[in-house]
Amino acid sequence: MKLVTAIIKPFKLDDVREALSEIGVQGITVTEVKGFGRQKGHTELYRGAEYVVDFLPKVKIEVAIAEASLDQVIEAITKAANTGKIGDGKIFVTTLEQAIRIRTGETGEDAI
Amino acid sequence: MENQIFELQYAMDTFYFLVCGALVMWMAAGFAMLEAGLVRAKNTTEILTKNVALFAIACIMYLVCGYSIMYDGGIFLNGIEAFDLAGVLSDSAANGFDGGSVYSGASDFFFQVVFVATAMSIVSGAVAERMKLWAFLAFAVVMTGFIYPMEGAWTWGGVDVFGLYNLGDLGFSDFAGSGIVHMAGAAAALAGVLLLGARKGKYGPNGEIHAIPGSNLPLATLGTFILWMGWFGFNGGSVLKLGDAASAHSVAMVFLNTNTAAAGGAMAALIVGRFLFGKADLTMLLNGALAGLVTITAEPSTPTALTATIFGAMGGVLVVFSIVTLDKLKIDDPVGAISVHGVVGFLGLLLVPVTNDGSSFSGQLIGAVTIFAWVFVASLIVWAILKAIFGIRVSEEDEYEGMDIVDCGMEAYPEFVKS
């Protein structure tokens, strides 16, 4: 099993959710987060003087999936969240040791 | 019958003073909201405290001695409570129905006292976020009880400047106080800012200018609209009479011109800001509307509506460049008060002779220099004394913590505070 964590632009959340639903993903967890990447935030003008916005608002999506569907999931997120502009975000993939459905006690791929 | 008409005229002109005074009083709310919006959240309670307290101090000090210095009234308003119907009627008969207005002395005091508070409100914004509460209030006592009444006496009071020269005779005219109220407040603010220094973090070691965004732009916008509304009392009331057709028409023109100058100033600042900064800067738009109002305040009764709009727009353009320039000079003014009221107030004075034949350019210049020099130097001395005795600036740690907790012990927006 794999845990796919994607950091995306907030306005792309609906597109990503739809794309994941279409390929049969059963559930996702969404968190509003802030952070910076290579650009290190950006500057704004206030009364003619610059100020730096260090941390930009992003959305973090976490999806637990079977290993077999990993490529499909990555492709769906990449396609849906892509604008071609700086700040589109990143996808991190980690190995998931175990998953348990609390209600039934099912484990492993049955639980996701 | 004639006497009853004179009594009615007295009632109308007194009532007009009182309503306009109440409108100007409401400007205190405008300043409070504007300043609360343009400071950081951690300094909100303290700036509100300053705004309410300075208004109360102005009311008391002007009663104690200010009105006496400025208009030769009694100390503690001694005698203002007396009502003399025979005197009212004889004055009215002597002036004639369309002559100078006759009104209650109490209404005159009420109308004048709110102007003092306006001048003092200008100071609080410029020195915000770093000046000690009690040092500020101590300054307010001297400013409203002595510094402002002195220059008020030389201008509206008609008294010679230290017995040397008379501004009225030189052709100085300031209808509702672009110079007497607004530039005076800004001069006191500038003196304070120079001794106080910039907020920590505002300017970098290599001359960089860092923006410190205001915490609540809806409040700043509300404050600007409140000031805009109050200004109808400020300028409209300064016609001093409503009770005959010519005066009523003059009042209407003043309202019209005041409003249109604000509109011109707002749009000019918005457009200039868009070209300079690439985006529509709301705070500049707000300052632009106020700049338009300050510009027209020196003479709202003689310009045509179009001229008034253009004058306001000139103020709106000037205020943006002034704010940017003051920042380059490292004069830190969180709300732009020195630019809006001082620089633009000066412009307003200089524009008076364009439409008012009763004033002269040289008279305006001498008047402006007199007001500025007096208020600036007197304020500098008072600030310096306060600085030497008590200190006027909070410690670096307190500034970081925020004035709210340090001075007032309470946050303006406590839900956002982590326990």
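Is the crossing of H11(B) and H12(B) left-handed or right-handed? In this predicted model, the crossing of the two helices is right-handed, a crossing being left-handed if the near helix is turned anticlockwise from the far one by less than a right angle, and right-handed if clockwise. Local features need pLDDT of at least 70 and side-chain atom pairs count only at pLDDT 80 or more, whereas totals for chains, interfaces and linings use all residues. Residues are numbered from 1 along each chain as its sequence is written, and chains are lettered from A and ligands numbered from 1 in the order in which they are written.

Helices (H or I, at least four residues) and strands (E, at least two) are DSSP runs, numbered from the N terminus. The axes of H11 (residues 337-355) and H12 (residues 361-389) of chain B come within 8 Å and cross at roughly 160°; axes are lines fitted to C-alpha atoms, for helices over the stretch in contact, and angles run from 0 to 180 degrees between N-to-C directions. H11(B) is therefore roughly antiparallel to H12(B), a term for angles over 145 degrees. From H11(B), the contact takes Phe346(B), Leu349(B), Leu350(B), Val352(B) and Pro353(B), and from H12(B) Phe361(B), Gln364(B), Gly367(B) and Ala368(B). Two residues are in contact if their C-beta atoms, placed from the backbone, lie within 7 Å. The contact of H11(B) with H12(B) has seven nonpolar, two polar and no charged residues, where Ala, Val, Leu, Ile, Met, Phe, Trp, Tyr, Cys and Pro count as nonpolar, Asp, Glu, Lys and Arg as charged, and the others, Gly among them, as polar.

H11(B) also packs against H10(B) (residues 305-328), with axes that come within 9 Å and cross at roughly 145°. The crossing of H10(B) and H11(B) is right-handed. Residues that meet here include Phe311(B), Met314(B) and Leu318(B) of H10(B) and Val343(B), Val344(B) and Leu347(B) of H11(B). By class, 12 residues of this contact are nonpolar, six are polar and none is charged.

The contact between the chains takes seven residues from chain A and 13 residues from chain B. On the chain A side, strands E3 (42-46) and E4 (49-53) give two or more residues, and E4(A) gives the most, with three residues. The chain A side divides into four nonpolar, one polar and two charged residues.

Tyr51(A) lies in strand E4 of chain A. UniProt lists Tyr51(A) for "modified residue: O-UMP-tyrosine" in an unreviewed entry; such annotations may be inferred rather than shown by experiment. Tyr51(A) is partly exposed, with 15 other C-beta atoms within 10 Å (buried is 20 or more, exposed 12 or fewer, and partly exposed in between). Not counting residues up to four places away in sequence, Tyr51(A) touches Thr43(A), Glu44(A) and Tyr46(A), together with His210(B), Ala211(B) and Pro213(B).

Technical notes:
Parallel < 35°, antiparallel > 145°, perpendicular 65-115°, else oblique.
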